[in-house]
Amino acid sequence: MTPTLQLFLFVSAALFCIGLLAALSRRHAIFILIGIEMMLAAANLNFVAFWRFSPQPQPPIGVMVAIFSIAIAAAEAAVGLALVIAIYRHYRTTNVDRLDQLKG
Amino acid sequence: MSWIVTSLWLIPAAPLAASLIILSLANSRRSAAAALAIIGQIAALTLSILAFLPTLQAPGYRSVHNFTWFTFGEQALRIGWVLDSLAAAMLVMIALVGLCIFVFSAGYMADDKNLTRFFAYLSFFSGAMLGVVIANSLLLLFVFWELVGLASYLLIGFWIHKPSAAAAAKKAFITTRIGDLGFFVGILWLYGGSGTLLFYDGGKGCLETAGLLGLGASATFVALLIFCGAVGKSGQFPLHIWLPDAMEGPTPVSALVHAATMVAAGVFLVARVYPLFSFGAIDGVTPSLVVVVSIGTITALMASLIALGQFDIKRILAYSTVSQLGLMMVSLGVGGVAAGMMHLIAHGFFKALLFLGAGSVIHGCHHEQDIRKMGGLRSLMPISFLTYAIGMMTLSGVPFFFSGGWTKEEILHATAHWHASHIPHYLMLAGVVLTALYMTRQMIYIFFGNRRAASENVHESPPIMTLPLIVLAICSIAFSVVLTPAWRWLHSYLTGEPAHFDIALLVQPMLFVSLALVAVGIGLGFVMYGKAGQLATGRVRPTGGQNRHRTAEMDPLERAQPALFHFLENKMWLDEIYDRTVVAWSRMAAHVSDWMDRHFWDGLVRGFAGLGQLFGIFSANFDERWINVRVDETMTGTRRLGRVMSAWHSGQIQTYLGMLAVGMLALLILYAWLA
């Protein structure tokens, strides 16, 4: 079974759906963050796959951009975790169902 | 010597600067103020003499310095100053006479508590007049002209606590302003016609051929309008009424107004713009010159008649000034510009002398001005008497020794050769008799006869006052050297011809005519009043207070012709006529405008205000009943919508995320379906 673009896209779509499912169904804030990270990973996978199967793939470009994206994701995760900690300290909970102060 | 032309402005600037410095002094720095004023005047005199010297070099010397004052649009307004024989002669006369008056004032006003203010105004007055003389632009001349008017207002009303002084100052200012209105319109017309207000500008000035041709026939009207200004300033017939009232000011001010500054300005103005008057002359006669002669003749005769009926020492002199100015106007009008200016300059000396003499007499008589209360001052005030007599004889036109005689003779010559009419000539001859008559009357009342009420405890004035008198008296006599027909130096100097000396010309037929006329005048005076003075003194005892009311004795003329005398005593009722007519009309016009203002214009304004209020009420109602309701409805709707929308916001971020996902999915499906 040779790797094709379709296969990669299929895996990436699956990964994205799992991530989305996690982000939507879990009640714990950290799990939601993990779900979001998974969706991001799916997007990165997509990106690398498209690069690899482009007509003339130049060695560093696609990988570099993916690594760059991962670095940004790390920063974002740090911000997310900091938010979670701040929320926990304030509300003494990380259950997102209970955090409904934005209710209209 | 061109530096003096470019720095000619220093001459008026010196007294003006002195005036400013004096104004900044404390009121107690009295001697400093007097000294500063005199120093400023000496500086002006020195510079004037320096300016006078180059004009001697060549006959008809004229040098101008013009520059641009400011530019508006494409046109540049240019002003400048001119140095010619006319200006130079006037400069020296004004500065010299002014200096004498300044020195005299230091003595006369020594007791006044506002001495510093007085000297500041005096310097200002002198500076403004010097500015009039050097101006080479009608606009610049007008500026200084108005400054002269302002200064005269300040000085006539110097004793502002006296209601009569305040009224006289106001009268002088307003009356001259009427003339100045015409003058100003004339300036505008001249500028419109010739495009320049410079007198001499290398052939392009408004008094030179090009400018005059540009004006054409309207030169007559321009000349007459400018003459209006001269009529106001020089106290000519319809507007002369302010001049006798100007006697309310301190006596040195009267001297300055009547001799060196103010009134000389009008005659000088006519002489300065003479080409406008004489433009297009046939045999030396133009319509505008005929007007000048007529006004001058009326003024000269009327004023010398009125002088016969006055009892105030200064008023008599005031009317004599009016009549002499009329004489000068006649002279200018008949073409004797040089003769008129010569008389103006001579008049400057002897009229200053007479006024300062009168000031000395008033000072000696403890500020009494009624000549009926004086008398017999001859031996008490010998210097004043002698100098006053010299002034009187100069004014009367006694020939040979006194400058006034020669200049008057010159004027009579000019009138005799006028082509239009001989009436002015004969009327002027009558004027000579009248002048001699009223001056004799005044002399007899003041200096002859026995002593009357005000003559008690009279003392001669201090040297600071008599010295200017002596200087002016010497000037009045010595000045005649350059006036005689044998050596008409001043005449030639003013007309720009070389002077000749010819002793044979000294004795002219006119000399005997004027000698005879003056003799008639003085003789008549002695016959009429000599006896009156004796009678009066016989009746009044020299002591006691009861004789004060006895001084209202009858004047000989009053006894002979009561009606005529009252007519003259009341100044021909001209003030009353003006009161009934011009003043009453303007007062009526003021009342009418007041009524219009209160009832008509006010009503109109109130009507508009009511309309505005109505509109306001209407728009307020519209606002509340219509716009407010609509706005409220919109607000209710928006609030309701907001409530519905806010129900969708659960605050659950996972719901939001789910919606986001559903939205994405919907977009994807839409994209796939469209592709």
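Visitor: Is B:Asp180 buried or exposed?
Guide: B:Asp180 counts as buried, because its relative accessibility is 2%. Buried means under 20% relative accessible area, exposed means over 50%, and partly exposed is in between, with a 1.4 Å probe and protein chains only.

Visitor: What kind of model am I looking at?
Guide: This is a predicted model, in which local features need pLDDT of at least 70 and side-chain atom pairs count only at pLDDT 80 or more, while totals for chains, interfaces and linings use all residues. Residues are numbered from 1 along each chain as its sequence is written, chains are lettered from A and ligands numbered from 1 in the order in which they are written, and side-chain values use heavy atoms, leaving out hydrogens and water.

Visitor: Back to B:Asp180. Which residue does it form a salt bridge with?
Guide: The partner is B:Arg177, with the closest N and O atoms 3.1 Å apart. A salt bridge here is a side-chain nitrogen of Lys or Arg within 4 Å of a carboxyl oxygen of Asp or Glu.

Visitor: Where do B:Asp180 and B:Arg177 lie?
Guide: Both are in helix α7 (residues 163-194) of chain B, three residues apart, which is about one turn of the helix. Helices (H or I, at least four residues) and strands (E, at least two) are DSSP runs, numbered from the N terminus. B:Arg177 counts as partly exposed, because its relative accessibility is 25%.

Visitor: How many salt bridges are there over all chains?
Guide: The search of the whole structure finds 10. One of them joins the side chains of B:Arg315 and B:Asp245, at 3.7 Å from N to O. That pair links distant parts of the chain, 70 residues apart: B:Arg315 is in helix α15 (residues 313-333) of chain B, and B:Asp245 is in helix α10 (residues 242-245) of chain B.

Visitor: And is B:Arg315 buried or exposed?
Guide: B:Arg315 is buried, at 16% relative accessibility. B:Asp245 is buried as well, at 14%.

Visitor: What about B:Asp602 and B:Arg606?
Guide: Their side chains also meet in a salt bridge, 3.6 Å from N to O. They are separated by about one helical turn, because they are four residues apart in helix α25 (residues 574-647) of chain B. B:Asp602 is partly exposed, with a relative accessible area of 31%, and B:Arg606 counts as exposed at 58%.

Visitor: Which residues do salt bridges that share partners join into one network?
Guide: B:Arg62, B:Asp84 and B:Arg272. B:Arg272 is in helix α12 (residues 262-272) of chain B and counts as buried, at 2% relative accessibility. Its side chain makes a polar contact of 2.9 Å with the side chain of B:Asp84. A polar contact is a pair of N or O atoms within 3.5 Å; within protein, one must be able to donate a hydrogen and the other to accept it, and residues adjacent in sequence count only if both atoms are side-chain atoms.

Visitor: What else does B:Arg272 touch?
Guide: Not counting residues up to four places away in sequence, B:Arg272 touches several residues, including B:Val82, B:Leu86, B:Phe199 and B:Tyr200. Contact means heavy atoms within 4.5 Å.

Visitor: New topic. How many bridges join β1 of chain B to β2(B)?
Guide: There are 10 bridges between strand β1 (residues 62-72) and β2(B), and the two run antiparallel. Two strands pair if DSSP finds at least two bridges between them. B:Ser63 stands opposite B:Leu83, and B:Val64 has B:Val82 as its bridge partner.

Visitor: What is in the turn?
Guide: The two strands form a hairpin with two residues between them, and B:Gly73 in the turn has a positive phi of about 60 degrees. Strand β2 (residues 75-84) of chain B is mostly covered, with seven of its 10 residues buried.

Visitor: Now chain A. How many residues are in contact with chain B?
Guide: 14 residues of chain A are in contact with 11 residues of chain B. The area buried between the chains is about 930 Å², and carbon and sulfur atoms give 58% of that. Buried area is the accessible area (1.4 Å probe) that two parts lose on being put together, summed over both.
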